[in-house]
Amino acid sequence: MKGSILFFFLIIPFVASAQEDSYFAKAAYNWEEQRDRVELPTEFQDEAAVIVKNFTSNEYAYSPETFDLELFTLTHKIIRINTESGINRYNKIYLPFSDGDELAGLKARSISPDGTIKIIDNDDIKELNDEQEEQGFRIFAVDGVEVGTEVEYFYTEKVGVRYFGREYFQSKVPTLKAEFELICPDNLEFSFKSYNGFPEVEEEYDSTQRIYSVTALNVPKLQNEAYSFYNSNRQRLDFKLSYNKSTGNSRLLTWADASKRIHESIYSLDIDELNAVQNFYDGQKLKNKLSDTEKIREIENLIKTEFGVRDLPVSDYSNIKFILENKFGNERGMAKLFAALFKLARLEHQLVLTSDRTSVRFDPSFDSWNYLAKYFIYFPKLDQYLAPNNSEYRLGMIPFQYTNNEGLFISEVAIGEELTGVGELKFIEPLGYDESVDNMNVSVQFSDSFDKTMLDIERVMTGYNAIFIQPYYSFLTKDKQQEVIENYMRLSAGDAKIDQIEVENGDWNLSPLKSPFKIRSKMETSTLIERAGPKYLLKVGEVIGPQTELYQDEERNLPVENDYNRKYDRKISIEIPTGYTVKNLDKLKFDVSHEIDGDEVFNFTSTYELKGNELLINIDENYKRIACSKECFEPFRKVINAAADFNKVILVMEKEK
């Protein structure tokens, strides 16, 4: 978890004897000094690279001097490089580290195809730091790598004690052997859960320690696939500390514990904070006659207009008095400020914490606080969410990657005279497909000489389809605004000469759910019409702009998952010149859809109607479900490709005889 969420002061009493046999502390771990090169099975020899060994170990041990719990980690990898692309991928090695980590040992070498061993000098290892991400990398180059080289390295670190962990064991190249172990004193017990086909952990126990381990052989490579999220589908292992037998048999670090600690961290304000937020609230003079929705919107617009977010783990940045004086805070601080203001306004609300499903889906059955990665606020009476740390979003919308996912909902309750947090695991519903629309109304006319078409276009976007432009539009220079809008409208014709542009609802603090982003333009283009002898060819499909084509020759491995539900409604009106007729109107008919349990979830439908010399085309394209199994990929693909096929439709116009 990032520092902004890892505010839980995890003070857990440990009662046990110090260990003196940690092989990390003694630096006993080593590689095989003289070993034979690995003989790859035939089926792996054409892979760009193969991870021959991926060994990860976490050892918890008590300090002989202080009796504090310490954590030592070990990573050991052997990578066989088979192709030039494999060389490009693995001729530099990046090792992540965080502030405070102590490198206990690092060794790296390469073994060439002829068996020559080259040791990499530790002086060649460089450190790169990213203060914004609280993350750094040690990087070293592996010189002289050629096809057939094996790169091997291992490193041990003393790191800050963590009670929740996650390890990935699948990548874009196959792994012959993946191993994980966790060693801890006998009074501690950890829980584990494997995902996406990774084997289950086994436990060994003796009088002084527990050893948890798992080995996976021949972990297949996992490649990116369209309409899926790579990281959330990788084989991985999550673990957490669940029991300390020295202090009792109660499960530790549960969802209930998290709810109490989060509540305390957000709502327990010191006297200076209480006075500061009360004075700020009183100064805003919120009118009592405002509805709950109006109060929320007024508070949200005020904070998101005047305050910024600097997501650094600086204690002052989460202090409300500091935030009000300096006009910025970190993620926790901004959540505290919003919660305090909503409480003063007597607005019933709940804190919500969840994960980014595009990276890792929240699992309510495994109480790892690693899932508590982002704050939101939920208003039960309105059934709407607010994103306290995303200035571009307004009430009713939060970033899509945190929806269609489970989350921990925390309510404030009174137990006697004490206020505390009580959590409930619930599903975060996504926006409906009709709340994120991208609609077009297009009128098409021909020049007298038939060499140009004039387009009158209105484009209306709401929800997530608008969020990528509406909040930012007013901050652009006039020239940049013109460029961006022309790019949006030239989807229909790249060479178009745009004569007129009007933008409605281009202010940054509007909600795209309530105030659609609208663009109207008039343009002229010569690319949509061609002459073929006595006939004219109208590239009517290009009017809707380029469409995604989804083709996959290889077997589908991953389930289907969209960013968000969405709707496209396109109406095209074409004025057919007097004396001409359209010969192939049936090409405009499309009806491709897919149902799940009797409900239509995806569809592309196109119909037409001819009224005198006016041709009316209606296109309805909907994606009403975000995720489905890989078995529905084929019908989903057909819907996606139906839109691409329409884009290729060309109408043939002939002069009437």
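These legends walk through several close-up views of one predicted model.

The model is predicted, and local features need pLDDT of at least 70, side-chain atom pairs count only at pLDDT 80 or more, and totals for chains, interfaces and linings use all residues. Residues are numbered from 1 along each chain as its sequence is written, and side-chain values use heavy atoms, with hydrogens and water left out.

**View A. An open sheet of eight strands with mixed pairing.**
The strand order is S5-S4-S8-S2-S1-S10-S13-S12. Strands here are DSSP runs of E with at least two residues, numbered from the N terminus, and two strands pair if DSSP finds at least two bridges between them. At the edges you will find strand S5 (117–119) and strand S12 (202–205), each pairing on one side only. Neighbouring strands are turned by 15° against each other on average, direction ignored; the axes are lines fitted to C-alpha atoms, and angles run from 0 to 180 degrees between N-to-C directions.

To find your way, look for arginine 109, whose bridge partner in S5 is isoleucine 119.

**View C. S13 between S10 and S12.**
On one side, strand S10 (residues 175–185) runs antiparallel to strand S13 (residues 209–219), with 10 bridges joining them. Lysine 177 stands opposite leucine 217 in S13. Glutamate 202 has serine 213 of S13 as its bridge partner, and a hairpin of three residues connects S12 to S13.

**View D. A salt bridge between glutamate 152 and arginine 35.**
The closest N and O atoms of this pair are 3.1 Å apart. Glutamate 152 sits in strand S8 (residues 150–159) and arginine 35 in the segment before strand S1 (49–62), so the pair links parts of the chain that are 117 residues apart. The structure holds 42 salt bridges (a side-chain nitrogen of Lys or Arg within 4 Å of a carboxyl oxygen of Asp or Glu).

**View E. The hairpin of S20 and S21.**
Here 11 bridges join strand S20 (residues 405–415) to strand S21 (residues 418–428), and the two run antiparallel. Glutamate 406 stands opposite phenylalanine 427 in S21. Two residues lie between the strands, and glycine 416 takes a positive phi near 65°.

**View F. An open sheet of four strands.**
With antiparallel pairing, the strands follow the order S26-S27-S35-S30. Strand S26 (529–532) and strand S30 (580–582) are the edges, each pairing on one side only. The twist averages 30° from one strand to the next. S26 and S27 pair over four bridges, with glutamate 530 opposite leucine 537 in S27. Their hairpin has two residues between the strands, and glycine 533 takes a positive phi near 65°. Strand S27 (residues 535–538) is joined to strand S35 (residues 651–655) by three bridges, and leucine 538 stands opposite leucine 651 in S35.

**View G. A patch of negative charge on the surface.**
Asp591, Glu595, Asp597, Asp599 and Glu600 gather here. Patches are made of residues with over 30% relative accessible area and no salt bridge, like charges being joined within 9 Å; accessible areas come from the Shrake-Rupley method with a 1.4 Å probe. Strand S31 (590–596) and strand S32 (599–611) each give two or more residues to the patch, and aspartate 591 lies in S31.

Methods. Patches are made of residues with over 30% relative accessible area and no salt bridge: like charges are joined within 9 Å, nonpolar side chains (Val, Leu, Ile, Met, Phe, Trp, Tyr) within 5 Å. Lys and Arg count as positive and Asp and Glu as negative; His and the chain ends are not counted. The place of a charge is taken as NZ of Lys, CZ of Arg, CG of Asp or CD of Glu.
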